[in-house]
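I opened this entry to keep track of what I looked up, and in what order.

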Amino acid sequence: MANEEKKGKKAHSDSTPAVSILEWGITQGIESCFDRADKMKPCPIGHVGACCKMCHMGPCRLVGKNADEMQGICGATLSTIAARNITRFAAAGTAAHGDHGRDMAFTLLAVANGEAKDFQIKDVRKLYKVAGDLDIEFEGRPVNDVARDVATKLIEDFSRQKGEINFLKRAPKKTQERWKKWGIVPRGVDRENTESLDRTTMGMDADPDSLLLQALRNALANGWGGSMISTEITDILFGTPFPIKAEASLGIFKEDEVNIIVHGHEPSLAEMIVDVVSEPEMIAYAKSKGAKGINLGGMCCTANEVLMRHGIATAGGFTNQEPAIMTGLIDAFTVDVQCIMPAIVDVAKKFHTKVITTSDKVKIPGALHIQFDEHHAKDIARQVVKTAIDNYPNRTKKGSHVTEKFPLIGGFSHEYIEYMQGGRFRGSFRPLNDAIAAGRIRGVVGLAGCDNPRFPSTGVHKYLAKELIKNDVLIVSTGCSSAACGGVGYLTPEMALENAGPGLREVCEAIGIPPILHLGACVDNTRILTIASAMAAEGGLSDEIGGMPAVGIAPEWITEKAVSIGMYFAASGVPCIFGGESPVEASKEVTRILTEVWFERFKGALHFEPDPEKMLALALDYIDKARAALKLKKYESGKFGTERVLMDMAARREIEKGAKPHLGL
Ligand code: MSK
């Protein structure tokens, strides 16, 4: 990337297929988010957190040379206003992931009660594991009874008024002690959301530190509550992922088949569509309309869900929504919840594409609405697929196609990561901890979050991914970051051979893994919490999540969900670096709390840094300082200490002799 682009000043995609389609779109007068980003300059006051619109005396804008000494009409200072604004970000992000988790919990309950007959519990072993964590008896009981108890107990996590969220006890003791000490143990998801909204109203909490502690408590209700509930139940219902091949890029569409996209976050309908598109009657119906078959692809995090479990190809992340429609090849663009640009309906009108909304919570004027209901899931999926097939004959030649696509390997659940380090019976995190201790792996980075049209979209993900693995940093990726990396072939073992530093390359070669492990959707960032907790329990590094040579990076973040994620990592002990300008830049005090104060209390932090080179330097600095504090061998590329040898595939097979390589069996 040129320097100008690295600083995020050029608001165009860094994806070659997207650029070629978007350029064609410009010749046709079709507008995209990139054009709107060029035209729409962010409000310079709201952008840095200096605008308070919590009541109707304002909005109050604290700007100018003396902004630090100014007050809103009620007396709120710049720091109060910036802290309130980012606390509301955290609350909204938690609400989004919380509602996702809640929907999954109610689906599990409906399945257990025999009311959602099209779904089954695919991973009974995981159900039992979660039941055990929740102190629910499972031995000798009917599966549905256990599932009902699990769903009921997890639903209580949303409405609980006192006490604490169930999965918090999965965290290392020391991490939990820090939460208790600073009063940020979340009670229930809804309670924390309500309290954040309450505290940030006019005339309530004015102390930035107190507000930001509530933001952390609210975010923890997401990480160890809503999102973790979603990940666990999705695994129980649809299977715990294990490595699987797939493809990525806008080139996944087929000219002679019915193309359907599933976009959004909640996978329940998408799972049914996966089943339905291979029904012989549906394929015959598609053929009767002149198509050779049905081609299913995904977008954003619904894509990640069905990629992780079925190898369904992804057309990319957030900014690929409009270019995907501009191919002219999509017959139905089906959306569920979150990260759905209303603009897709306008783009679709220029083609034959039908945009189908499916959630009561997401309706877009001009879209066809087919309401999803888990009680009649397959019938509704058939209706969606049939709508796409019926639309196929309406396809015209209009559009700009690309054919380039890349293979990838996804499906790295935390269970599989443990399995790959010793097999089903000897799985542990010891080899990873040892490789870090010996300096073969310098540290671990969670690369996550959105792709942003205000950046050279996807470019900062790719730049950081390449540089980090060159520096022997193992990457775990989720969300649109996985799509950005997958869309250029970075999620393959070959990437390690060609680009990884010598230590990381050896590890990847020994196990046969890519240097970037695709962990799933945005909600699956909780897999990173689980991995970090397991690494702490394994010993040899830090005995809590804080202090590990690990960093979270969201280089092109967009959403409130991202802020909530960054905060639950910070509270759990992981320093996080977000790209772009800071939404609290107006307040030095709030910036100091998010970085220095939180690091002192939790060993985590939330930085905002627009320059990708500085993001990289900051991440490596955190990793090296954590190594030094743990008295680990100083990292030097190509010079390792001794460690336990990682087992390769053959060795694991030898040990297991016939054991099935997947916990979900
Ligand atoms: S989809 S939250 S744009 S990662 Fe999860 Fe992508 Fe960000 Fe949505």
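For the helix names below I take DSSP runs of H or I with at least four residues, numbered from the N terminus. The model is predicted.

**Helix H12**

I looked up helix H12, residues 300-310, and found 10 of its 11 residues buried. Among them are Cys300, Cys301, Thr302, Ala303 and Asn304. Glu305 and Arg309 in H12 are also buried. After H12 comes Gly311, and I noted a positive phi near 70° for Gly311.

**Ligand site**

Which residues are around the ligand? I listed His265, Cys300, Cys301, Phe318, Cys339, Gly449, Cys450, Cys480, Cys522, Thr559 and Lys561. Two of the names in that list, Cys300 and Cys301, I had already met as buried residues of H12. Sorted by class, the shell around the ligand has seven nonpolar residues, three polar ones and one charged one. I then checked the cavities: the largest cavity is the space that the ligand takes.

**Aromatic pairs**

I counted ring pairs next, and the count is 12 aromatic pairs. One of these is Phe89 with Trp557, an edge-to-face pair with 6.4 Å from centre to centre and 70° between the planes. I looked up where the two rings sit in the chain. Phe89 belongs to helix H4 (residues 78-112), while Trp557 is in the loop between strand E14 (550-554) and helix H24 (560-572).

Is Trp557 buried or exposed? Trp557 has 10% relative accessibility, which is under the 20% cut-off, and therefore counts as buried. Phe89 has a relative accessible area of 28% and is partly exposed.

I then took the pair Tyr416 and Tyr419. Their ring centres are 5.3 Å apart and their planes stand at 50°, so this pair is tilted. Both residues are in helix H16 (residues 414-419), three residues apart, which puts about one helical turn between them. I also checked burial: Tyr416 and Tyr419 are both buried.

Ring pairs join Phe89, Trp557, Phe578 and Phe608 into a cluster.

**Backbone geometry**

I looked for a cis peptide bond and noted the one from Gly58 to Pro59, with omega near 0°. Pro59 is in the loop between strand E1 (51-52) and strand E2 (60-61).

I placed Ser249 in the loop between strand E3 (244-248) and strand E4 (258-264). Its relative accessible area is 5%, so Ser249 is buried.

Asp472 is another residue other than glycine with a positive phi, about 65°. I found Asp472 in the loop between helix H19 (459-470) and strand E12 (473-478). With 0% relative accessibility, Asp472 counts as buried.

Key:
Residues are numbered from 1 along each chain as its sequence is written. This is a predicted model: local features need pLDDT of at least 70, side-chain atom pairs count only at pLDDT 80 or more; totals for chains, interfaces and linings use all residues. Side-chain values use heavy atoms; hydrogens and water are left out. A residue is near a molecule or strand if one of its heavy atoms lies within 4 Å of it. On a 1 Å grid over the protein atoms alone, a cavity is a set of points where a 1.4 Å probe fits but cannot get out, and a pocket is an open set with protein on both sides within 12 Å along at least five of seven lines; lining residues have an atom within 4 Å of a point. A molecule sits in a cavity or pocket if more than half of its atoms lie within 2 Å of its grid points. Ala, Val, Leu, Ile, Met, Phe, Trp, Tyr, Cys and Pro count as nonpolar, Asp, Glu, Lys and Arg as charged, and the others, Gly among them, as polar. Rings of Phe, Tyr and Trp (its six-membered ring) pair if their centres lie within 6.5 Å; planes under 30 degrees apart count as stacked, over 60 as edge-to-face and the rest as tilted. Helices (H or I, at least four residues) and strands (E, at least two) are DSSP runs, numbered from the N terminus. Buried means under 20% relative accessible area, exposed over 50%, partly exposed in between (1.4 Å probe, protein chains only).
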